[in-house]
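Q: I'm new to this one, so could you take me through its aromatic rings up close? I'd like to know which ones pair up and how they sit.

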Amino acid sequence: MTAMAAPRHILVVRPDAIGDVVLTMPLVHSLKATFPTAKLSMLVQPYTQGIVEGNPSVDQVIVDWRKTGQAKGLRGWWHYGRFLRRLQIDMVFLPYVDWYYATLMAVAGIPVRVGDARRVAEARWMTHTVPIIHQNLAAHESEHILTLLY
């Protein structure tokens, strides 16, 4: 990643399974160590909220509106993007990226969006992409996720 101003607010998007959230924690800890003054938020499912609450590297937990039913349809998605925009997030990391979240982060006006370059359709919405090679069996999944930062 190229040099840029230190972010004030970082978001990590991980609205999927418990194991995936756990495997993302090394990225979260590394982000907090790299940017210690930045507020670090995580967007997670309701049932994984307890895993990240109380973690010293996580300052704010955002429960995913998509999973709670608050962001139904195009109007709900738009309101969700506006909510995220009001949080003034400078940088987002998407170890879990699909079209919904990729476009949502763009609508939220987050200037630095980091995701997997191998997800071709979603990568168009990223400002920075890194190929995450999951076929590298010599590396652990948490190491694959860390490639988004390094």
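A: Let's begin with what counts as a pair: rings of Phe, Tyr and Trp (its six-membered ring) pair if their centres lie within 6.5 Å. Keep in mind that this is a predicted model. By that rule, the structure holds four aromatic pairs.

One of them joins Trp65 and Phe83, with 4.9 Å from centre to centre and 25° between the planes. Planes under 30 degrees apart count as stacked, so Trp65 and Phe83 are a stacked pair. Where do the two residues sit? Trp65 belongs to helix H3 (residues 65-68) and Phe83 to helix H4 (residues 73-86), so their pairing ties together parts that are 18 residues apart in sequence.

Now for another pair, Tyr96 and Tyr101. Their ring centres are 5.9 Å apart and their planes stand at 70°, so this pair is edge-to-face. Here Tyr96 is partly exposed, with 23% relative accessibility, and Tyr101 is buried, with a relative accessible area of 0%.

Arg66 lies over the face of Tyr100, 4.1 Å from the ring centre.

How values were computed
Residues numbered from 1 in each chain as written. Predicted model: local features only at pLDDT ≥ 70, side-chain atom pairs only at ≥ 80, totals over all residues. Heavy atoms only, no water. Phe/Tyr/Trp six-rings, centres within 6.5 Å; stacked < 30°, edge-to-face > 60°. Helix = DSSP H or I, 4+ residues; strand = E, 2+ residues; numbered from the N terminus. Buried < 20%, exposed > 50% of the residue type's maximum accessible area, 1.4 Å probe, protein only. Lys NZ or Arg CZ within 6 Å of the ring centre and 35° of its normal.
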